[in-house]
Amino acid sequence: VVVPIGVGGAISGVYCAMTVGIKKYVKLKNLKISFVGVNLQDLNSCYGDAIKVKNVGEHNSEYINHFVSKRIVIDDFDMKKGIDFVKRDMGVKVEGASAGTLKPILDGIIIPSEKNAVVCILSGGNVLF
């Protein structure tokens with residue numbers, strides 16, 4: 001599961017929902033979930049408003065470090081590439097930080113397969129472009 005990391009609320013919430021949720025389904029009890037966070041490289045970003053923070057929130061930092069297996073740094077190019085991909089292939093708009101979750105897929109860092117599904121959290125259709 002690839003989630004943007006700003007102050008940490010979204011990725012913490014997704015982690016809680018996924019881990020608590022799968023416990024309710026017997027068929028999913030052996031499911032292994034890895035969490036990848038995307039962080040903004042430059043706070044002067046044009047697209048990354050949702051994650052333009054210097055530090056993860058005080059209460060979320062240690063918690064996130066416990067379950068995030070990998071962090072990927074994104075920049076404006078990565079976010080624009082993701083925005084364009086979603087608009088072209090799905091016909092919808094998403095905000096930059098969430099479009100940045102597509103970087104590992106679009107750049108071949110993470111390769112989805114039949115046994116290894118990848119979920120990229122996409123949100124925020126209230127964009128001007």
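**View A. Packing of helices α1 and α2 in the predicted model.** In this predicted model, the axes of α1 and helix α2 (residues 58-67) approach within 10 Å and cross at roughly 50 degrees. This angle makes α1 oblique to α2. The crossing of α1 past α2 is left-handed. Two packed helices are described by the angle between their axes and the distance between the axes, and the view shows both quantities for this pair.

**View B. Phenylalanine 67 in helix α2.** Phenylalanine 67 belongs to helix α2. Is phenylalanine 67 buried or exposed? Phenylalanine 67 has a relative accessibility of 9% and therefore counts as buried, since the cut-off for buried is under 20%. Serine 34 is 33 residues away from phenylalanine 67 along the chain, and the C-alpha atoms of the two are separated by 7.9 Å.

**View C. Leucine 40 in strand β2.** Leucine 40 is part of strand β2. With 14% relative accessibility, leucine 40 counts as buried. The view also includes isoleucine 72, which is 32 residues from leucine 40 along the chain. Between the C-alpha atoms of leucine 40 and isoleucine 72 the separation is 8.6 Å.

**View D. A nonpolar surface patch made by Tyr25, Leu28 and Leu31.** The patch formed by these three residues covers about 290 Å². Tyrosine 25 is placed in the loop between α1 (9-22) and β2 (35-40). The loop between α1 and β2 is also the place of leucine 31. How accessible is tyrosine 25? Its relative accessible area is 53%, so tyrosine 25 is exposed; the cut-off for exposed is over 50%. Leucine 31, with a relative accessible area of 42%, is partly exposed. Leucine 31 and serine 113 are 82 residues apart along the chain, with 15 Å between their C-alpha atoms.

**View E. The salt bridge between lysine 52 and aspartate 49.** A search of the whole structure gives six salt bridges. In one of them, the side chains of lysine 52 and aspartate 49 meet at 3.1 Å, N to O. Lysine 52 has 32% relative accessibility and counts as partly exposed. Aspartate 49 reaches 56% relative accessibility and counts as exposed.

**View F. The salt bridge between aspartate 78 and lysine 103.** The side chains of aspartate 78 and lysine 103 form a salt bridge with an N to O distance of 3.2 Å. Which helices hold the two partners? Aspartate 78 is in helix α3 (residues 76-90) and lysine 103 is in helix α5 (residues 103-106), so the pair ties together parts that are 25 residues apart in sequence. Aspartate 78 and lysine 103 are both buried.

**View G. The salt bridge between aspartate 107 and lysine 81.** The closest N and O atoms of aspartate 107 and lysine 81 are 2.6 Å apart, and the two residues form a salt bridge. Aspartate 107 is in the segment after α5 and lysine 81 in helix α3; the pair, 26 residues apart, links distant parts of the chain. Aspartate 107 has a relative accessible area of 35% and is partly exposed. Lysine 81 is likewise partly exposed, its relative accessible area being 30%.

**View H. The salt-bridge network.** Which residues make up the network of salt bridges? Asp78, Lys81, Lys103 and Asp107 are linked in it. The network takes in the buried residues aspartate 78 and lysine 103. It also takes in aspartate 107, which is partly exposed, and lysine 81, which is partly exposed as well.

**View I. Glutamate 114 in the segment after α5.** Glutamate 114 is located in the segment after α5. Glutamate 114 has 86% relative accessibility and counts as exposed.

Terms used:
Residues are numbered from 1 along each chain as its sequence is written. This is a predicted model: local features need pLDDT of at least 70, side-chain atom pairs count only at pLDDT 80 or more; totals for chains, interfaces and linings use all residues. Side-chain values use heavy atoms; hydrogens and water are left out. Patches are made of residues with over 30% relative accessible area and no salt bridge: like charges are joined within 9 Å, nonpolar side chains (Val, Leu, Ile, Met, Phe, Trp, Tyr) within 5 Å. Accessible areas come from the Shrake-Rupley method with a 1.4 Å probe; for residues, only the protein chains shown count as cover. A salt bridge is a side-chain nitrogen of Lys or Arg within 4 Å of a carboxyl oxygen of Asp or Glu. Helices (H or I, at least four residues) and strands (E, at least two) are DSSP runs, numbered from the N terminus. Buried means under 20% relative accessible area, exposed over 50%, partly exposed in between (1.4 Å probe, protein chains only). Axes are lines fitted to C-alpha atoms, for helices over the stretch in contact, and angles run from 0 to 180 degrees between N-to-C directions. Angles under 35 degrees count as roughly parallel, over 145 as roughly antiparallel, 65 to 115 as roughly perpendicular and the rest as oblique. A crossing is left-handed if the near helix is turned anticlockwise from the far one by less than a right angle, and right-handed if clockwise.
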